[in-house]
Amino acid sequence: MSDQDEGNGKSDTPMQPSTGDRASNTDRADSALAPAPQRNARTALREQRGILMVLTGDGKGKSTSAFGAVARALGWGHRVGVIQFVTGEWQTGEQKFFADHPQVDWHISGARFDWSDENKEQSSQAALEAFAQGAAMMVSGDYDLIVLDEINWALHQGDLDPGAVLHAIAARDAACSVILTGRNAPDAVRQAADLITDMNDSRHPHEEGRAAARGIEY
């Protein structure tokens, strides 16, 4: 996701900053050690309404881009929540790096990529539980950014209802931005998004039979 893309997605409508726990998070980020320009930028970011970003398409880079945004948010002292929908017990590099960060809350569903109907009921239940956790995080007012990683795939598989997902996103705290990743983003999700990036698969090592590489694809 480029800086230009992000700039195009930001709202120009100022919002009043939230209070309570969010204020304490801001106070910690705006310590006396931070230069005045950074403190002013942080305040401006908190007064903007969060945006809905959709990273989809057949190409590689959707989750990679989302976790780049996580790193950027953490650099500004933001609090981040991550829900991974289809990794199951498969450990990823981003989980190993970010999961123990004090400003990140990380949750993994038990569902996996599965093109058969053999585990459909279990997969659907895992997706519902994961999204319930994500919905609670979005409305809590405790987070500046929520990443719902591979949720588009769960929607495409019918494990989640697009209307229910969009309703929960619309009910989120005003300052919370949300990133949805995964191929096959439903039309309803695309229509609701403030920013959409479609990753195109022009060339990939799997075409030559190469296996997924640790540190590159997971």
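**Salt bridges, a sheet and its helices**

The structure holds three salt bridges, and the model you are looking at is a predicted one. Side chains of opposite charge can pair when their charged atoms come close. Let's visit each pair in turn.

Start with Arg183 and Asp58, whose side chains meet in a salt bridge at 3.9 Å, N to O. This pair links distant parts of the chain, 125 residues apart: Arg183 sits in the loop between S5 and helix H9 (187–192), and Asp58 in the loop between S1 and H4. Arg183 is partly exposed, with a relative accessible area of 35%, and Asp58 is partly exposed too, at 47%.

Next comes Arg79, which forms a salt bridge with Asp105; their closest N and O atoms are 3.2 Å apart. Arg79 lies in the loop between H4 and S2 while Asp105 belongs to strand S3, so this pair ties together parts that are 26 residues apart in sequence. Arg79 counts as buried because its relative accessible area is 17%, under the 20% cut-off. Asp105, at 22%, counts as partly exposed.

The remaining pair to visit is Asp198 with Arg190, whose side chains meet at 3.0 Å, N to O. Asp198 is partly exposed at 37% relative accessibility, and Arg190 is partly exposed at 28%.

Now turn to the sheet. Six strands form an open sheet with parallel pairing, in the order S3-S2-S4-S5-S1-S6. At its edges are S3 and strand S6 (195–198), each of which pairs on one side only. From one strand to the next, the twist averages 10 degrees. If you zoom in on S2 and S3, you will find that they run parallel and are joined by five bridges; Gln84 has Ile108 in S3 as its bridge partner. Helix H6 (residues 120–140) packs on the sheet, where it touches S2, S3, S4 and S5, and its direction makes about 165 degrees with that of S2.

Finally, follow helix H4, which covers residues 62–75. The buried residues of H4 include Phe67, Val70 and Leu74, along with Lys62 and Ser63. What do the buried residues of H4 pack against? Their partners are strands S1 (52–56), S2 (80–84), S3 (104–108), S4 (145–149) and S5 (177–181), together with helix H5 (93–98). Just after H4, look for Gly77, which takes a positive phi of about 80 degrees.

Terms used: Residues numbered from 1 in each chain as written. Predicted model: local features only at pLDDT ≥ 70, side-chain atom pairs only at ≥ 80, totals over all residues. Heavy atoms only, no water. Helix = DSSP H or I, 4+ residues; strand = E, 2+ residues; numbered from the N terminus. Expected span 1.5 Å × (residues − 1). Buried < 20%, exposed > 50% of the residue type's maximum accessible area, 1.4 Å probe, protein only. Contact = heavy atoms within 4.5 Å. Pairing = 2+ DSSP bridges. Axes fitted to C-alpha atoms, helices over the stretch in contact; angles between N-to-C directions. Salt bridge = Lys/Arg side-chain N within 4 Å of Asp/Glu carboxyl O.
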